[in-house]
Amino acid sequence: MNNPLTTVLSGMPERVDIYEVGPRDGLQNESTVLGVEQKAEFIRRLVAAGLETVELTSFVPASWVPQLSDAEELVARLGSLPGRHPVLVPNERGLERALAAGVKEIAVFASATESFAQRNLNRSVAESLRAFRPVVERALGAGLAVRGYVSMCFGDPWEGAVAPAQVSAVASELAEMGCGEISLGDTIGVATPGQVVEVLDTLVAAGLETEWLAVHFHDTYGQALANTMTALQCGVTTVDSSAGGLGGCPYAASATGNLATEDLVWQLHGMGITTGVDLEALCRTSLWMAGLLGRPSPSRTVNALASSFD
Ligand code: MG
């Protein structure tokens, strides 16, 4: 059986937009550094498998993320592809590089907590938002779309619990700046469904519409799909995931793997929800990528289907 049987579940959206993060969030967390043509081929295969939104890379300094130090070359090599292809931009210098490369959409990365903002961005939450404002304004002025990520929305390794009001304040400021989509990240994968409802309810009460929101769950404690289901029931229709569950080694103590796109697609198609994705083509891509990385995909669906592809 290469596809799930379908039984429609009421209360669910008819369509979910998958925001594929494998080439950026996935590969930046893999210890193996791929060549630029391997990355380009990966992205072409993801697009050919029906993924309409694929985040390509990050215009961070090469010293920060050596895995993605070929951003310009990758974007140039890909040329024009159908769909949305955002790139991560950490600051004005990154935006200049992205504009020069001709990208149409960027993403900026904020934090809901002070501890992560200090460690990851070397600034307070307020300082980092102030620094993003001119970047977002300039991007919008140049006709680009802007996505805002908020990390540590459901728990923080240094602070523990995160107040939903903190998430709401950061998300609201990003929306007010002009970010057309806000992705709520469970960066350490600790969320459970009740919390998802609580955070989303808080954001909606603050005036953020669910159609502007995306969810970004990690499967560290096996909760990513349950949390996704809950978010869909709350009205969210954009879900971040990573082909083959790329990002974070499942054998390391610090594993914080992304939700695997294949596992998400199996669940969505099983509920009769349209994604546009060809599950077999996507699984074949992840098996090929697992070969390049020299380790099996952590996706249950990739592994369950692999034997039927011979
Ligand atoms: Mg992630």
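**Close-up 1. Glu72 and Arg97 meet in a salt bridge.** In this predicted model, the side chains of Glu72 and Arg97 pair up with an N to O distance of 2.8 Å. A salt bridge here is a side-chain nitrogen of Lys or Arg within 4 Å of a carboxyl oxygen of Asp or Glu. Glu72 belongs to helix H3 (residues 71–78) and Arg97 to helix H4 (residues 92–101), so the pair ties together parts that are 25 residues apart in sequence. Helices are DSSP runs (H or I, at least four residues), numbered from the N terminus. Glu72 is partly exposed at 34% relative accessibility, while Arg97, at 14%, is buried. Buried stands for under 20% relative accessible area, exposed for over 50%, and partly exposed for anything in between (1.4 Å probe, protein chains only).

Residues are numbered from 1 along each chain as its sequence is written. Local features need pLDDT of at least 70 and side-chain atom pairs count only at pLDDT 80 or more, while totals for chains, interfaces and linings use all residues; side-chain values use heavy atoms, with hydrogens and water left out.

**Close-up 2. Glu96 reaches across to Arg138.** The closest N and O atoms of this salt bridge are 3.3 Å apart. Glu96 sits in helix H4 and Arg138 in helix H6 (residues 125–141), so to speak distant parts of the chain, 42 residues apart. Glu96 is partly exposed at 34% relative accessibility, and Arg138 is partly exposed at 36%.

**Close-up 3. Arg284 pairs with Glu280 inside one helix.** Here the closest N and O atoms are 2.9 Å apart. Both residues are in helix H11 (residues 279–293), and because they are four residues apart, about one helical turn separates them. Arg284 has a relative accessible area of 36% and Glu280 has 26%.

**Close-up 4. Helix H8 packs against helix H9.** H8 (residues 193–205) and H9 (residues 224–233) meet at about 35°, with axes 9 Å apart. Axes are lines fitted to C-alpha atoms over the stretch in contact, and angles run from 0 to 180 degrees between N-to-C directions. Pro193, Val196, Val197 and Leu200 of H8 touch Ala226, Asn227, Thr230 and Ala231 of H9, contact being heavy atoms within 4.5 Å. Those residues come to six nonpolar, two polar and no charged; Ala, Val, Leu, Ile, Met, Phe, Trp, Tyr, Cys and Pro count as nonpolar, Asp, Glu, Lys and Arg as charged, and the others, Gly among them, as polar.

Methods
Helix = DSSP H or I, 4+ residues; strand = E, 2+ residues; numbered from the N terminus.
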